[in-house]
Protein chains: 2
Amino acid sequence: MPETLTRSAIPADAPAHDRVYRGLRLQVMHGELAPGQALTLRGIAKQFDVSMTPAREALRRLTAEGALTLSASGRVMTPELSNDRIEELAQIRALLEPELGSRALRRAHLALIDRMEAINEANARAIHLQDPVEYIRTNLEFHRTLYLRAQSPAMLGLLETVWLQLGPTMRALYTRLRRTTAPPHHRLIIEALRAGDDAALRLALRTDVTQGLRHLQV
Amino acid sequence: MPETLTRSAIPADAPAHDRVYRGLRLQVMHGELAPGQALTLRGIAKQFDVSMTPAREALRRLTAEGALTLSASGRVMTPELSNDRIEELAQIRALLEPELGSRALRRAHLALIDRMEAINEANARAIHLQDPVEYIRTNLEFHRTLYLRAQSPAMLGLLETVWLQLGPTMRALYTRLRRTTAPPHHRLIIEALRAGDDAALRLALRTDVTQGLRHLQV
DNA sequence: CATGAGCGGATGTGATCACAAAGCTCACCT
DNA sequence: AGGTGAGCTTTGTGATCACATCCGCTCATG
């Protein structure tokens with residue numbers, strides 16, 4: 001049942017380049033691809049059963065968002081982030097997410113919190129099953145569910161490009177150190193939400209983000 | 001001479017799609033295009049003397065960054081921002097720019113401040129000449145010169161996509177109300193920089209951003 | 001005079017091809 | 001044994017074409 005929460009179905013009637021884009025975007029954001037993973041135009045085209053043209057457009061779009069990086073010779077791969085870059089992206093998350101959470105707080109209602117708890121349980125299950133992709137997916141879903149309430153589409157859009165850039169690196173992390181306990185701050189987030197405590201929510205979000213990514217340092 | 005400061009020359013040996021991308025990107029960011037301006041694939045291709053393929057890649061890349069919007073039928077135009085969206089983008093600027101300024105402050109030296117003052121004078125000249133494009137260009141250049149010192153490429157990258165989204169709208173503003181005086185906060189920014197005063201710099205940057213965009217409300 | 005059906009041009013989409021350059025393999029030479 | 005270069009393969013780039021659809025305009029009709 002939890003997997004039906006976000007099975008973001010890709011419309012079959014969408015243009016080919018859009019289907020390719022959305023499919024790859026999910027793969028990258030959810031950490032299905034390792035850092036440094038090379039992608040070829042013809043390979044992508046074959047994988048999605050389209051010609052090179054829509055594959056090229058999808059890759060161009062993803063590199064524009066930082067989801068993929070471009071080598072000097074035009075080859076494309078998932079990003080291998082330096083420690084500095086990881087640190088910087090974490091700080092951006094620590095800047096944006098408390099702000100989004102705070103904005104969502106005013107509009108949050110009980111149904112939202114219930115939904116977040118359900119997602120959090122799916123997250124715990126993913127940890128138990130040692131499923132890194134499902135773990136990342138439910139973790140992001142937990143945050144996004146909250147931030148959607150902020151009614152700040154531009155800010156959420158920016159944040160998602162940050163998530164996108166971190167996708168492969170997060171996979172590398174969570175397969176390296178197989179964590180066995182749920183992220184402790186999710187509970188704090190939910191409690192702050194219930195209490196309507198803005199300061200506590202901001203703090204919980206900030207520490208959840210920085211704590212989770214502190215382990216990323218190589 | 002000031003125009004040589006940022007005549008970001010586009011390498012002639014760059015791939016065609018990249019030349020088109022960079023050219024259009026500058027046009028959008030500097031407010032050379034009005035909001036709602038329609039762009040056609042074949043028109044762009046002819047303008048840059050390339051075929052449709054590289055033109056398509058450039059447009060796809062720009063729409064991915066929010067520099068252009070896509071209608072339901074795939075037609076592409078410069079964005080016509082709602083008041084809410086303008087407000088949100090301004091708040092994002094107000095969030096990111098003080099942070100970038102603060103990071104740059106520690107690394108700022110006299111040569112940087114001198115350069116910023118030179119750019120600010122070019123900015124004043126643009127106001128005197130009633131040249132909206134040159135005004136926007138020098139204004140962004142003023143900020144970017146500072147933020148480059150922050151050594152935070154990811155954050156600056158995010159900020160630039162925000163500037164991109166605001167480009168056409170800024171043009172619409174600055175042609176509507178022809179301002180005749182220089183932005184008052186640039187002086188405050190420079191003074192805070194000289195004094196090494198972090199709090200004052202953050203405040204000056206924040207007010208410069210919000211003040212400048214408050215007039216945008218229709 | 002308003003309205004809508006129909007037509008022709010304009011536009012985005014996707015496939016395919018030719019080409020140049022980058023990368024790789026492996027035999028060969030020192 | 002180790003570097004090296006020739007030759008083949010893979011890959012990205014850009015042009016062109018066919019096609020479906022959308023848009024705007026005209027003209028007939030109420």
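**Surface near DNA strand C and arrangement of the two chains**

The residues of the surface near DNA strand C comprise 8 nonpolar, 6 polar and 2 charged; here Ala, Val, Leu, Ile, Met, Phe, Trp, Tyr, Cys and Pro count as nonpolar, Asp, Glu, Lys and Arg as charged, and the others, Gly among them, as polar. A residue is taken as near a strand if its C-beta atom, placed from the backbone, lies within 6 Å of it. The model is predicted: local features need pLDDT of at least 70 and side-chain atom pairs count only at pLDDT 80 or more, whereas totals for chains, interfaces and linings use all residues. Residues are numbered from 1 along each chain as its sequence is written, and chains are lettered from A and ligands numbered from 1 in the order in which they are written.

Of the 16 residues around DNA strand C, those that come nearest are A:Pro15, A:Ala16, A:Ser51, B:Leu41 and B:Gly74. Two or more residues are given to this surface by helix H1 (16-29) and helix H3 (52-64) of chain A, and by helix H3 (41-47) of chain B. The most, 3 residues, come from H3(A). Helices (H or I, at least four residues) and strands (E, at least two) are DSSP runs, numbered from the N terminus.

Chain A contains 9 helices and 3 strands, which follow one another along the sequence as α-β-α-α-β-β-α-α-α-α-α-α. The C-alpha trace of chain A spans about 55 × 40 × 35 Å along its principal axes. Of the 218 residues of chain A, 41% count as buried, that is, with 20 or more other C-beta atoms within 10 Å of their own, C-beta atoms being placed from the backbone.

In chain B, 3 strands form an open sheet in the order S1-S3-S2, with antiparallel pairing; strands pair if DSSP finds at least two bridges between them. Strand S1 (38-39) and strand S2 (69-70) of chain B are the edge strands, each pairing on one side only. S2(B) is joined to strand S3 (residues 76-77) of chain B by 2 bridges, and B:Thr69 has B:Met77 in S3(B) as its bridge partner.

How values were computed:
Buried ≥ 20, exposed ≤ 12 C-beta atoms within 10 Å, placed from the backbone.
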